[in-house]
Structures are given as structure tokens and as C-alpha cells.
Amino acid sequence: MGEDLFRKKITENYPFFVSACIAYAAFFIVCLYKNGSGITFPVWTAGTSFFAVLMMKKADIDIKKGSFFYIAAICLLGVSTCLTGDTRIICMNKWLIFFLMLMLLLTNFYDVSKWNPAKFIANMFCTVFISLGCIPRPFSDRVIYKRDTEAGEPKEKKHIAKYVFIGLGIGIPIVAIILVLLANADEIFAEQLRKIIADISFWGIVGDLLQMSFIGFNIFIIAYMWFSWLGRREYSEVRESKAGWEPLIGITITAVLSLVYIIFCWIQVRYLFVGGISKASLPEGVIYSTYARTGFFQLLFVSVINIGLVMVGIYCFRENKALKILLCLVTACTYIMIASSAMRMLMYIQGKYLTFLRIFVLFSLLVIALVLAGVIVNIFKKDFRLFKYGFAVITVCYVLFSFSRPDYWIAKVNTDNMTVEGQYEFFKDTPVFDDSMYLAKNLGTDAAPILLQEDCLPDDAAQRYEFRMEKIVEDMNARRLNLSWYLVWYYMD
């Protein structure tokens, strides 16, 4: 279906599409207005998925089998969001939901079977930014629909909005008169009415109405705009672009890199994996924890660069056996670097205990290692759908991570190791954990089952954490919040 046919389909069914977008905007406000991670969040994710499928079916877009994966992941992340109070997890959940929705739309509107990673990224960019050119479409499509249907439309149907406003203009004064009469007829009703009116802030209501109107209008425009943009089905066409770079260039680059990487990886195997690191083997002035920490970030960055270089070698250079072998060698060295990074981070955790960042970077290394397996397959099988594989790996791993409640495990492990008697075997050569103020200042509601236990923290740290949680309970009573906040209330009650 080309752009002209698709637009004709929209304009023919304009009342449905515009009404659906307006209804979705209202649904968005009901679920998420001043309630960005509450119990209505999974309702919103389920409703958003239903809305997308409904709009596509109405436009005669066949829903592909792989769509279930994206919808399931979106809904699971919705559940995860209302179950945690960790703002970092909530923020990452929302970003991944955004990209999952883009993938759901792109894979259904377009034939993505021949898309490479660059094509996916380019079309995501277009859908988010270039689609802004479709902002006027809700209004221009209305003009076309009105022009095509005006001649045969019964006259009385043209003034529905006018009649509604007339009805409201007559009905509101009547309701006001009835309320006054009922208040005079019953003192209890009058007292309840006075309480309701006393609790209402005129300017607060006006402010909320303005904010909701602004948000709703923008959501309506975005929904219709994206749908109109994606209807330009010709953007799914993939021009045959054979890799034409001279493979000798790639061979030279990867050969030099491979030589450096082989030497570096031999040192990792010799001193880090097999021999172990001792104070005597470290350069003068370098302490154990510094060696572990500084090495991790550099190796992580190099691993990401290597994935990019290997992908350039796959898609930009003409096929060559020697180049493939060298790309595999670079990939193998990258795995050793990932292992080295993980070991260094474990060494650092062994000396400094757990934080969210330390857990997250170990998780990132696992994801990179799994994605790298797809890169190896792609070296020998050029039609392998690397982007979809990588996106699926990231999604599955992250959904599991989002349900893991890292703050709970940080609190449990660190507090368990605050005494010599309770120390884990892993930390036996490390001084007991004594940074209780870190737990009180940085951990959120997910850690409440541990940190609100009696005598879990020293008095000053316990008071600091309880004060933060009391503020959360106060907010919980004023707004609709996620279930993790109710967990705090339960343990503080």
C-alpha cells in the first residue's frame, strides 16, 4: 500500500482514526497524569499496545507474528515499573518501552527482512524526528474528508458539536440550581457539598485542566503524526547496495589491531586469569582497587568500539576470507577483554562491596557478550538479522534485570557483611562493610524490607533512611503511586 492509497484509507475512515487518537490521548492522561509509575502504568502499556494493533488493523496492516514479543515485553515492563520505586529502573523501563513501540510499528508497517542495523536506526530517527513534518495531517486530512463527504452528508449531522455546546450551556445552570435546592433540602448533603467545595482550589483546577489539555493535545498529534508517517510505505524499500570497499584496507586495519590485541590478551591470560594479581606484580604506586576500577571502564569502551569495527568490516567491505578470519580474531580478543573487565569489576566489588553501578556494569558485560555472539554469526552469514537479534537479547535481559530489584540485593549483601560473623566467603579477606550512610542516602523503597528492620543500621543512618521513607509515605497518601511505595508503608506501620 503506497502513500496515496494509505492516505485515502485514512481520509475515508477519518472519524474513526481521529476519534481513536483523541480517546487514546484521554486514556494517556487518565493513566499517567501526575502518576508516572503507579498501578495504572501497566494498564497504560496494555492499552497502548491495543491501540497500536487496532489502528493497524483498521488500516488493513497485517499484524506479524513477531509482534507478540514486543507487546509482551512492553506489558512486562509496565508491570515492572509499578513494582519498583527505583527511579533509575523506571527511567530505563520507559526508554525501552519507547524503542519497543517503535520496533512494533516498524516491523508491521515495513518489510524489514532485508534491513541492516543502519537501516533500522535511520528509520527510527525518521519516525521520531522527520515525522514532525506530518504534524498538520490531522487537520489537512479533515479538510480532505470534509470535501469528499460534505455533498452527501445530511445537514443535521454537521452541527453535532454546536448542539453539544448548547446542551452544556443549558444543562450547567440547571445543575447549579438543583444543587442549591438539594442543599437546602438536606443538611447532611449540604455539609458534604461544602466540604467538597472547600477542598477545591480554583486555580489548582484551572492549572490541572490546562496541563491535561496541553499533554492530551500533544499525545493526539504524536499518535496521528506517527501513524501518518509510517503509512509512507515506500520508505521500507531497500536499495541494493553492495559493500564495495577494498578488503585489503580492512585486512590491514584488523591485522594491526589483532597484533595489539593478541599481546594485550596474552597479558590478561598470563597475569589476571592464570597467575592472579598480587601487590608485587602491580606497577609502583598502583593499588589493587585502582587497578581493578580503571581497567574496567577502558576495556568496556574498547569492547564497544570493536563491535562497531567488526560491523563496519561486515557491511562495508567486499567479502574476503582473510578479512573474515581477522574479524573473528578481533571478536575473540573482545571476548577476552569482556572477561577481563568482568574479573576486574568482581575484584573491585570484592574490595568495595555492591552498588547499583557495579551491578549494572556486570549486567552490561553479559549483554555485550551475548550480542557479540550474533556478530560472529553475522560475519559468516551476511543475511543474519543482527539488529533484531541484538534488540531481542537486550530486551529479554533487561526485562529480567528490571524485575530483580537491585536495591534490595545491595542492601541485603552489604548489611549481611557488616559483621565478621556474617561475612560471606567471597568477602573473607575484605574489611566488614561500614558505609551505612551510603545505604541510607542512596537506596530507595526496594530496600525497605531490609533497611527498616530493627537494628539493621546504626542509629544515625537508620534515622536518615526512615526520614526519606516518611516523605514517601506522605506523598503516597496524596497521590496514586507504585506498589513499592506501599511496601514502605507496610514496614513502617
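Trainee: Helices (H or I, at least four residues) and strands (E, at least two) are DSSP runs, numbered from the N terminus. Where is K34 found?

Mentor: In the loop between α2 (14-32) and α3. Before we go on, this is a predicted model: local features need pLDDT of at least 70, side-chain atom pairs count only at pLDDT 80 or more, and totals for chains, interfaces and linings use all residues. Residues are numbered from 1 along each chain as its sequence is written, and side-chain values use heavy atoms, with hydrogens and water left out.

Trainee: What is the phi of K34 near?

Mentor: Near 50°, a positive value in a residue other than glycine. D60 also has a positive phi, of about 65°, and is not a glycine. That residue lies in the loop between α3 and α4.

Trainee: Why does D60 count as partly exposed?

Mentor: Because its relative accessibility is 48%. Buried means under 20% relative accessible area, exposed over 50%, and partly exposed in between (1.4 Å probe, protein chains only). K34 is partly exposed too, at 46%.

Trainee: Switching to the whole chain. How many helices and strands?

Mentor: There are 20 helices and zero strands. Buried residues make up 41% of the 493 residues.

Trainee: What share of the contacts with a separation of 6 or more comes from residues 24 or more positions apart?

Mentor: That share is 77%. Contact means heavy atoms within 4.5 Å.

Trainee: Now F401. Which helix is it found in?

Mentor: Helix α15, residues 386-402. F401 counts as buried because its relative accessibility is 7%.

Trainee: What is F401 in contact with, leaving aside neighbours within four places in sequence?

Mentor: I89, M92, F356, I359, F360, F363 and P406. Take I89: it is 312 residues from F401 in sequence, yet 8.8 Å away in space, C-alpha to C-alpha.

Trainee: At what angle do α5 and α15 pack?

Mentor: About 145°, with the axes 11 Å apart. Axes are lines fitted to C-alpha atoms, for helices over the stretch in contact, and angles run from 0 to 180 degrees between N-to-C directions. From α5 the contact uses I89, M92, N93, L96, F99, L100, M103 and T107, and from α15 it uses F387, K388, F391, T395, Y398, F401 and S402.

Trainee: What classes does the contact of α5 with α15 have?

Mentor: Ten nonpolar, four polar and one charged. Ala, Val, Leu, Ile, Met, Phe, Trp, Tyr, Cys and Pro count as nonpolar, Asp, Glu, Lys and Arg as charged, and the others, Gly among them, as polar.

Trainee: And S80, buried or exposed?

Mentor: Buried, because S80 is at 2% relative accessibility. Beyond neighbours within four places in sequence, S80 is in contact with I89, N93, S402 and F403. S80 lies in helix α4 (residues 67-83).

Trainee: Pockets next. How many residues line the largest pocket?

Mentor: There are 29, with V367, F387, G390, F391 and I394 nearest its centre. A pocket is an open set of points on a 1 Å grid over the protein atoms alone, where a 1.4 Å probe fits, with protein on both sides within 12 Å along at least five of seven lines; lining residues have an atom within 4 Å of a point.

Trainee: Which helix gives the largest share of the lining?

Mentor: α14, with seven residues. By class the lining has 26 nonpolar, three polar and no charged residues.
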